[in-house]
Amino acid sequence: PDQIEFYQMKVGQDGMREDLPVEVTVSNEENEDALPQTNVQMDCMISGDDKGSLFGPYISLPRGKYAVEFEMNVLANRSGQQHVAQCIVQAELGEQNLGQVQVQANATRKLSARIEFDQTQELLSNIEFVIQPTTGVDLEISSINLIYLEEIHEIFVQYSDEIRRPRVNSF
């Protein structure tokens, strides 16, 4: 991806939504399995109390199998729930859900989530990654990594030119 932009969404007490740009550092490299990976490092705090979320980057991806890894820390969990956040990968401005996962709390407060998805179209646009904390949970988002896992080949099915019609029995 050429340009990576993420936004932090907050809803104020007056009900007004505010989208703030998040400063990110982007690097492209290979991971330990020699797979191409785009790493997005950030330091962003979002709170479920103000209906906060992190979203972006609205990129286009060619056909392939991908994984998105989310890294975060729980700063506070006033909800007392195990479920502290939801991570989503979606396309076409939220019209197409490519995958989602519920993030569960653990003893270390350092959490990660992974979503694998197949992108089977030639090119899919406006792909975004979303993190939504549960009400009563404050999260610090440290990174989101996009990993290209493998190529998906287009499958062609050839049909016969012959039109087959059911035979009608005559009496």
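Figure 1. Of the 171 residues of the chain, 40% count as buried, where buried denotes under 20% relative accessible area, exposed over 50%, and partly exposed the range in between (1.4 Å probe, protein chains only). The model is predicted: local features need pLDDT of at least 70, side-chain atom pairs count only at pLDDT 80 or more, and totals for chains, interfaces and linings use all residues. Residues are numbered from 1 along each chain as its sequence is written, and side-chain values use heavy atoms, with hydrogens and water left out. The secondary structure comprises zero helices and nine strands; helices (H or I, at least four residues) and strands (E, at least two) are DSSP runs numbered from the N terminus. Read from the N terminus, the order of elements is β-β-β-β-β-β-β-β-β. Among contacts (heavy atoms within 4.5 Å) between residues at least 6 apart in sequence, 74% join residues at least 24 apart.

**Figure 2. The largest nonpolar core.** This core holds 35 residues, and those with the most contacts inside it are Leu 54, Phe 70, Phe 129 and Ile 131. A nonpolar core is defined as a set of buried Ala, Val, Leu, Ile, Met, Phe, Trp, Tyr and Cys residues joined through side-chain atoms within 4.5 Å. At least two core residues come from each of strand 4 (36-47), strand 5 (53-77), strand 6 (83-91), strand 7 (96-104), strand 8 (110-133) and strand 9 (137-150). Leaving aside neighbours within four places in sequence, Phe 129 is in contact with Phe 6, Leu 54, Phe 55, Gly 56, Pro 57, Ile 59, Val 68, Phe 70, Ile 88, Val 89, Ile 144 and Leu 146.

Figure 3. Two strands pair if DSSP finds at least two bridges between them. Strand 5 runs antiparallel to strand 8, to which 17 bridges join it; Met 72 has Leu 111 in strand 8 as its bridge partner. Strand 5 and strand 9 are likewise antiparallel, with twelve bridges between them, and Ala 67 stands opposite Ile 147 in strand 9. Three bridges connect strand 5 with strand 1, again in antiparallel orientation. The bridge partner of Met 9 is Ser 53 in strand 5.

**Figure 4. The stacked pair of Tyr 66 and Phe 117.** Four aromatic pairs are found in a search of the whole structure. Rings of Phe, Tyr and Trp (its six-membered ring) pair if their centres lie within 6.5 Å; planes under 30 degrees apart count as stacked, over 60 as edge-to-face and the rest as tilted. Tyr 66 and Phe 117 form a stacked pair, at 5.6 Å centre to centre and 20 degrees between the planes. Because Tyr 66 lies in strand 5 and Phe 117 in strand 8, the pair ties together parts that are 51 residues apart in sequence. Tyr 66 is buried, with a relative accessible area of 4%, and Phe 117 is buried at 2% relative accessibility.

**Figure 5. Surroundings of Phe 55.** Phe 55 belongs to strand 5 and counts as buried at 8% relative accessibility. Together with Tyr 7 and Tyr 58, Phe 55 forms one aromatic cluster. The C-alpha atoms of Phe 55 and Val 130 are separated by 4.5 Å, although these residues are 75 residues apart along the chain. Not counting residues up to four places away in sequence, Phe 55 touches Glu 5, Phe 6, Tyr 7, Met 9, Arg 17, Asp 19, Glu 128, Phe 129 and Val 130.

Figure 6. Gln 8 lies in strand 1 (residues 6-11) and is buried at 12% relative accessibility. A polar atom of the Gln 8 side chain lies 2.6 Å from the backbone oxygen of Met 45. Ser 47 is located in strand 4 and is buried at 10% relative accessibility. A polar atom of the Ser 47 side chain lies 3.1 Å from the backbone nitrogen of Asp 49. Leaving aside neighbours within four places in sequence, Ser 47 is in contact with Gly 52, Arg 78, Pro 133, Val 137 and Asp 138.

Conventions. Polar contact = N/O pair within 3.5 Å; in protein donor to acceptor, adjacent residues only side chain to side chain.
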